[in-house]
Structures are given as C-alpha cells and as structure tokens.
Amino acid sequence: MSNKDNARTFTLTNNETGESWELPVLEGSVGPRVIDVRRIYADTGHFTYDPGFTSTGSCQSDITYIDGDKGELMYRGYPIEQLAVHSDYTETCYLLIYGELPTAEEKTKFEQRITYHTMLHEQIHSFYDGFRRDSHPMAIMVGVVGALAAFYHDSTDITDPKHRFVASTRMIAKMPTIAANAFRYSQGMPFVYPRNDLTYAENFLYMMFSNPCEEYKVNPVLARAMDRILILHADHEQNASTSTVRLAGSSGANPFACISSGISCLWGPAHGGANEAVLNMLEEIGSIDHIDEYIAKAKDKEDPFRLMGFGHRVYKNFDPRATIMRETAHEVLKELGLEDEPLLKLAMKLEKIALEDEYFVSKKLYPNVDFYSGIIYRAMGIPTDMFTVLFAVARTVGWVAQWNEMIEDPSQKIGRPRQLFTGSATRDYVQIKDRG
Ligand code: SDX
C-alpha cells in the first residue's frame, strides 16, 4: 500500500467552521484507491458512518481480489476460472496461505501434512453424542469446531508462529472429518476414519458415504466436481464470515474459536446459508408454472421474500463462480443420469426469467455462487442441511489465510467500531414507587 503521490489527497471541509483537513489517498496494486480516514475522529471529533460497510475497507490484504463490475475473482492474482480448470483444492490452499503456487515437491509435502492431520482426537467422537440426532449439522459444526480448543491446547497461542502453523493445518485437515461425522451422526451411521491414500475431496466423499460392510469406490467425476466446488468457495475477500473471523481474531481469541465464529456467521441465509435456502425455495416454487408468482413476490417491497441465490454485495454483473457451478451442475447430473432433474430445469427457467426481468436487471441481481451448488449437492445425495457445512469446509482455508495475514500485520489492532448514538440523553434514576 502506498501514498505514491503526496498530492493524492481528499480535502474534508467542515462548512460550519470552515476548517479543512487533507485525507491521504492510498493505492493498492489493483482496484479502487482508499481514503485513509484513520485520523478523522482525532482531528475532527466526528466518526465516519457506514452501516453494512458498503464503502469501507477494513484492512489491507494480498490474498483475494474481486472486481464486482467485471465479474472477476482472483486468488493471489490467479483468475478463479484458471484455478478451477488447472488446479486442485489442496494446491489452492497452499496458494492462499503462502501466496505462490507450490513446486511439485512443496505440493507433495503440503498434501502429506494435511493428510496426516485429518483424524480427530478420539474423544471428540463422544462430543457428538451430546447433540440430538436431528440437530442441524451447522449447530454441530459450531460446537465441535469451537471445542477443538479444549483438545488441542498445544496450538492455541496465536503469538507463536509454530502454534499458528499447527492450528492452521489442523483446521484445514479436520473440517471434512468433522463435517462428515456430523452427517453420519444424523443418519445413525458409524463414523468413518479418513484414509491417507485419498485426495482431500475423495476423502470427504468417502467419509460421507462409504459403508463399513462393503468396499466403497469414490466416483472420480463426483470427486473432481467436489474438488472444483471447494476451490470456488475457498476465499472471497472481506465477506461477512471472513470479517467475523478477523474481528474475533483481533482480540487474540484462539484460532478454533475464530473459525467457529466464522461458521456461525456463514450460517445466515443472506450469506453461506443461501445454498440451503435456494433448494428450499426451488422446492417451495415446485413447478415452472409458479415462477412468475415468486418473481412477483421477490419484487414486492411489502413481501420479505427474496430470490435466494440471486444478488451480491460486490458482483454487479455476474458471479464468475456461478458460471462454473452451472457447468459443474450439468456435468454431475449427466454423470448420474439426472439431466432431467426437475429442480435443475426449474432453476434454469427461473434464472432465464429473472435475467430478462427489468427489476433484476436494473438492480444488477444475478445468480451467485449459491444458486447452483445445492442442485449439485442434492444430486450427490447430500441432504439440504449439509449444504452450508460444505461451504464452511471449503471456506476454512480462506478464513485461516486471512486470520494469519491479520495476526502477522504489524499495524493490526483490536477491531472496535463506534456508533451514531440516537438513544436517551443522560437522565437520573427514578425509584420504582415514583414511576408512572
Ligand atoms: C454469499 O460477500 C460475499 O462475498 C458472500 C459470498 C462469499 O463467497 O463469501 O459471495 C457468499 O453470501 C453469496 C450471497 C448469498 N445470499 C443470497 O443469495 C441471499 C439473497 N441475496 C440477497 O439477500 C442480497 O442480494 C445480498 C445479501 C446477497 C446482498 O445484499 P446487499 O448488497 O446488501 O443489497 P441489498 O440487500 O441492499 O439489495 C439491493 C436491492 C434492494 O432493493 P432496494 O431496497 O434497493 O429497492 O436489491 C434487492 C433489495 O431488496 N435485492 C433483492 C435480492 N437481493 C437484493 N430482491 C430480490 N431478491 C434478491 N435476492
């Protein structure tokens, strides 16, 4: 980040007093410049105001760049479209964490490191028994991930790079195991131990669906599709859950607590919970004949209904991940002989109608990453309430990379926003006998 040209400033003037202040403009390597407002309160006695942070940069980062107007997404400079075709998830994890694509030797070493941390402390298995079988698996994820701090005390000191290295490895490696266990627990099936001869995506599908009574072979087409979906969801700049992880981490909370806070935030239907909400919405719409009725509901200001899987805070043209997800949906359904899956047809018709509707076009509402993922997961036999769990598995590397970047940033301090107070001015206590 640099303030290359001193003349590059914004002048802030208080029109009541005539005072003016020069605010530095900082420039990154690509994307919008930022106006440095860090001194505004000290100099002017005023806070800035930006609920929802629509115009606020919360940090400096080298990890992921999004251009919402061009529909571009890059991890460490590499376009998502290229990574989705040429890379795999563990290589993408290496890239997000270390900033460069690994050599063949580095990739092998990193994959071994992840593989050898996929098992859970055996006592964690009994932790699941505390949940009802019909618990939402996201509730289980929040609980079990947060509780990892109770098992892995040797990697909770965030000031120690070795602890951060081990905790980061454990988080990335163990999420598929924790997630698969949540699914198995809900099905009354025994937990399946990870295998060291499978890739990350293969291992996840194996732990989800294998049957201890017979040989189970992971379908390579589904494994490749799962691997690509994991890549697409791995990181996404300062989205709500990543910002939650950074804020939790800024207080010095241990890494497991930070990731658990990210999982909690991701669960919301406006964020990662949207993939589950899309499937529920498609099932509620039911048939192509009802699409117009639901489009009208989505446009009706009085109706809280929104077209789930549509719209994005940043993408105002198209979500490049949605394009790849749509292609993957066709691939998976073809592989499984489900091309005529009614929900896929319904989704495609809904997308077509919405993209031609003035309301959606004028508000730049396009399908986002969540619109097609649920259709793929459902075709794979993954229940709807597990969809956001898969998002959390994939996004853990992004949370971990951003968390490490924040901890290693010498300028980082505890996040503590202020407010515009609109409550009561000071007033004296009234004894209960004197109240009206
Ligand atoms: C993810 O931030 C990230 O990067 C997130 C994510 C990631 O990888 O981390 O990309 C993952 O969360 C994707 C988004 C998944 N959520 C959904 O699909 C839920 C449905 N979408 C919306 O709730 C909404 O579009 C958001 C939350 C995604 C974005 O909301 P914004 O940017 O705050 O925009 P907004 O709510 O102010 O909406 C702008 C206008 C409003 O109308 P007006 O008040 O201006 O008249 O568009 C309307 C909204 O009513 N609108 C929609 C709509 N989304 C926005 N109307 C109908 N259907 C929708 N889906």
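Thr 13 stands opposite Ser 20 in strand 2. Strands here are DSSP runs of E with at least two residues, and helices are runs of H or I with at least four; both are numbered from the N terminus. The model is predicted: local features need pLDDT of at least 70, side-chain atom pairs count only at pLDDT 80 or more, and totals for chains, interfaces and linings use all residues. Residues are numbered from 1 along each chain as its sequence is written, and side-chain values use heavy atoms, with hydrogens and water left out.

Strand 1 and strand 2 (residues 20-26) pair in the antiparallel sense, over 5 bridges. Two strands count as paired if DSSP finds at least two bridges between them. These strands belong to an open sheet of 3 strands in the order 1-2-3, with antiparallel pairing. Strand 1 (9-13) and strand 3 (34-35) stand at the edges, and each has a single partner strand, so one side of each lacks a neighbour in the sheet.

Another open sheet is formed by 3 strands in the order 4-5-6, and its pairing is antiparallel. Its edges are strand 4 (64-67) and strand 6 (78-79); each has a single partner strand, so one side of each is left without a neighbour in the sheet. Strand 4 is joined to strand 5 (residues 72-75) by 4 bridges, and the two run antiparallel. Across this pair, Tyr 65 stands opposite Met 74, and Ile 66 stands opposite Leu 73.

His 236 is found in the loop between helix 9 (220-232) and helix 10 (240-250). Its relative accessibility is 5%, so His 236 counts as buried. Buried means under 20% relative accessible area, exposed means over 50%, and partly exposed lies in between (1.4 Å probe, protein chains only). Contact means heavy atoms within 4.5 Å. Leaving aside neighbours within four places in sequence, His 236 is in contact with residues including Thr 64, Ile 66 and Leu 73. His 312, Tyr 315, Arg 321 and Arg 395 are also among its contacts. The side chains of His 236 and Arg 321 make a polar contact (3.4 Å). A polar contact is a pair of N or O atoms within 3.5 Å; within protein, one must be able to donate a hydrogen and the other to accept it, and residues adjacent in sequence count only if both atoms are side-chain atoms.

The ligand has 24 residues around it (a heavy atom within 4 Å). Of these, His 236, Leu 307, His 312, Arg 321 and Arg 395 come nearest. The shell divides into 10 nonpolar, 7 polar and 7 charged residues. Ala, Val, Leu, Ile, Met, Phe, Trp, Tyr, Cys and Pro count as nonpolar; Asp, Glu, Lys and Arg count as charged; the others, Gly among them, count as polar.

Backbone atoms also face the ligand. A backbone N or O atom of Leu 307 lies 2.8 Å from a ligand nitrogen atom. For Gly 309, a backbone N or O atom lies 2.8 Å from an oxygen atom of the ligand. A polar backbone atom of Phe 310 is 2.9 Å from a nitrogen atom of the ligand. Taken alone, the ligand exposes 1100 Å², and the protein buries 77% of that (Shrake-Rupley method, 1.4 Å probe).
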